[in-house]
Structure formats: structure tokens, C-alpha cells
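Biologist: I'm new to this one, could you walk me through it?
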Amino acid sequence: MTPIIIANWKMNPVTLVKSKRDFEIIKQGVKNVKNVKTVVCAPFVFLSNLKPGSGLALGAQDCFYNDKGPFTGEISPVQLRNLKTEYVILGHSERRKYLGESTELVNQKIIAALAADIKVIFCVGSETEKPGKEIKYQLEKGLKNIKEKDFSKLIFVYEPVWAISTTKNKIIATPAQTTKGCLYMRNILKKIFNKKTAKEARIIYGGSVDSKNIKGFLKEGKMAGGLVGAASLNPYEFIRTVKEAAKA
Ligand code: PEP
């Protein structure tokens, strides 16, 4: 499976000028990297100014569960689609933590995004080192009423909460831990869908990924890609991460 490397810029940068500059630097840097899919998930306010192409796709970091209407402050998946947004991150632990997002709400958003033909980067994770029942709950409830035909539009992110943005103190997961997390998720997916579909699921890893550790997660960890937060804020480091992924 061709690995996918996804930048999650979160609430960065603070100016439109820098977002456009960084996006273009990344676009130039990855245009000749053939065997990796590359995505940048940018803040809503910049999306209409970022021009995907040359192998770089555009993603958002959230969406609402209706297409239009009286929902003050929300952004719909159809609006995103109309801006050439191909991907959306849903279920991120920071939204669960700071905005109280429930898995039921995430499920509604996933259904709406898929209906708008947007690929969903569905984050699941737990506070515990061993993948456990929180992940089971997030997958079972988050995927309720998702049609099997839409399965190929889902990217699952194994994102242990304790390993996110730890670049300074380096509490990162090991490739062996990510393999375990991936297996655990695949077994749950087997029960929700079936063996064949679960086997084909794209499961990637997120949590302090950078250019130095990505190869380990892809090769030894057997992950199908990486979600990159802090390390994607330096466009050159993100390009290095994509290039390292291409070598894995
Ligand atoms: C994230 O939160 O999606 C993430 C991967 O962040 P970081 O790489 O900073 O851990």
C-alpha cells in the first residue's frame, strides 16, 4: 500500500502569507516523490487560498454534520468539497479534550463527510499504553451506520494520546507498540465489517512522527502512513519526512 503522510497544522500558522508560503514550499518539495501520497490539513481560514496539485492534496481539520443551514460558526463538508478539500481529520483527541467532542458526534460528522465524498482521517486513541477499550468504543460507535462501500474512503489513525506532541521529552511509541495498536484495531474492524475489509483498512500512526522515526513506523511498525503534527510546521522537515517515507 502506498504510504500516506499527512500534515496536521492544527492552529498554525497565524498568517495567511505564511500558510501560502509553507504550502507552496511543500508542494515544490514533494512534487517528484512518486510513491507517497501527501496531504496538508490546514486551518479553515486558509483553505480557499491553498492550491492543491503536483501530488499535494488539501485537507481540513474538522467539519459539521449538515451540508448547510442555521449552524453558527460551523463549516460543512460540502463547503469543504467546493474548496477542493479532499480530506478531513475527524475525532482528533484535542477536539475531544478541549471541545468535549463525543464519539457519537464524530460518527455524525464521518457520515456527512463521506456523503460529500471527502476522505476521512479518523483518529482513535487512548491514554493507556496498551490499546484498550476506549479504542474499541471509538471504533464501534464512530463507525455506526457507515456503509461498507465507503470503507475505502476511511483512513484510520492509531494515535496514542500520550505520544502526541512529545518532541521535546521524546515519549514516543515504538514501532512494536504501533504494530500492536494496528493489530488491535484491525481485529475490531473485522467484527464491525468483515475479515477482507478489515485486512484492507489503511491504518496509519500519529504521535510525534518526524523525519527520523517515520521509516521505523512504516517498516518495522507496518503502518500505512503517518499523521505529522509539530514536525509538519517546518515545511522542510515535513518534506524530509515525506522523502524518508518514500525510502521505507
Ligand atoms: C497530532 O496531534 O495529530 C499529531 C500527530 O501531533 P504530533 O505529531 O505533534 O504528535
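This is a predicted model: local features need pLDDT of at least 70, side-chain atom pairs count only at pLDDT 80 or more; totals for chains, interfaces and linings use all residues.

Biologist: OK, how many residues surround the ligand, and which are the closest?
Modeller: The ligand is surrounded by 14 residues, and the closest are Lys10, His92, Glu159, Ser165 and Ser208; a residue is counted if one of its heavy atoms lies within 4 Å of the molecule.

Biologist: What lies 2.7 Å from an oxygen atom of the ligand?
Modeller: A polar side-chain atom of Glu159 lies at that distance, 2.7 Å, and a backbone N or O atom of Ser208 also lies 2.7 Å from a ligand oxygen. For Asn8, a polar side-chain atom is 3.3 Å from an oxygen atom of the ligand.
The protein covers 99% of the 300 Å² of accessible area that the ligand has on its own, with areas taken from the Shrake-Rupley method with a 1.4 Å probe.

Biologist: And where does the ligand sit?
Modeller: The ligand sits in the largest cavity, where sitting requires more than half of its atoms to lie within 2 Å of the grid points. A cavity is a set of points, on a 1 Å grid over the protein atoms alone, where a 1.4 Å probe fits but cannot get out.

Biologist: How much space lies in that cavity, and which residues are closest to its centre?
Modeller: The largest cavity holds about 110 Å³ of space, a volume being the space filled by probe spheres set on the points. Its lining has 15 residues, each with an atom within 4 Å of a point, and Ser165, Ser208, Val228, Gly229 and Ala230 are the closest to its centre.

Biologist: Switching to pockets, what volume does the largest pocket have?
Modeller: Its volume is about 430 Å³; a pocket is an open set with protein on both sides within 12 Å along at least five of seven lines. The lining of the largest pocket has 17 residues, with Lys10, Met11, Pro43, Gln61 and Arg95 nearest its centre.

Biologist: Last topic, which residues does the cis peptide bond join?
Modeller: The cis bond joins Asn12 and Pro13, with omega about -10°, and Pro13 is found in the loop between strand E1 (4-8) and helix H1 (16-30); helices (H or I, at least four residues) and strands (E, at least two) are DSSP runs, numbered from the N terminus.
Ser54 has a positive phi of about 50° although it is not a glycine.

Key
Residues are numbered from 1 along each chain as its sequence is written. Side-chain values use heavy atoms; hydrogens and water are left out. A polar contact is a pair of N or O atoms within 3.5 Å; within protein, one must be able to donate a hydrogen and the other to accept it, and residues adjacent in sequence count only if both atoms are side-chain atoms.
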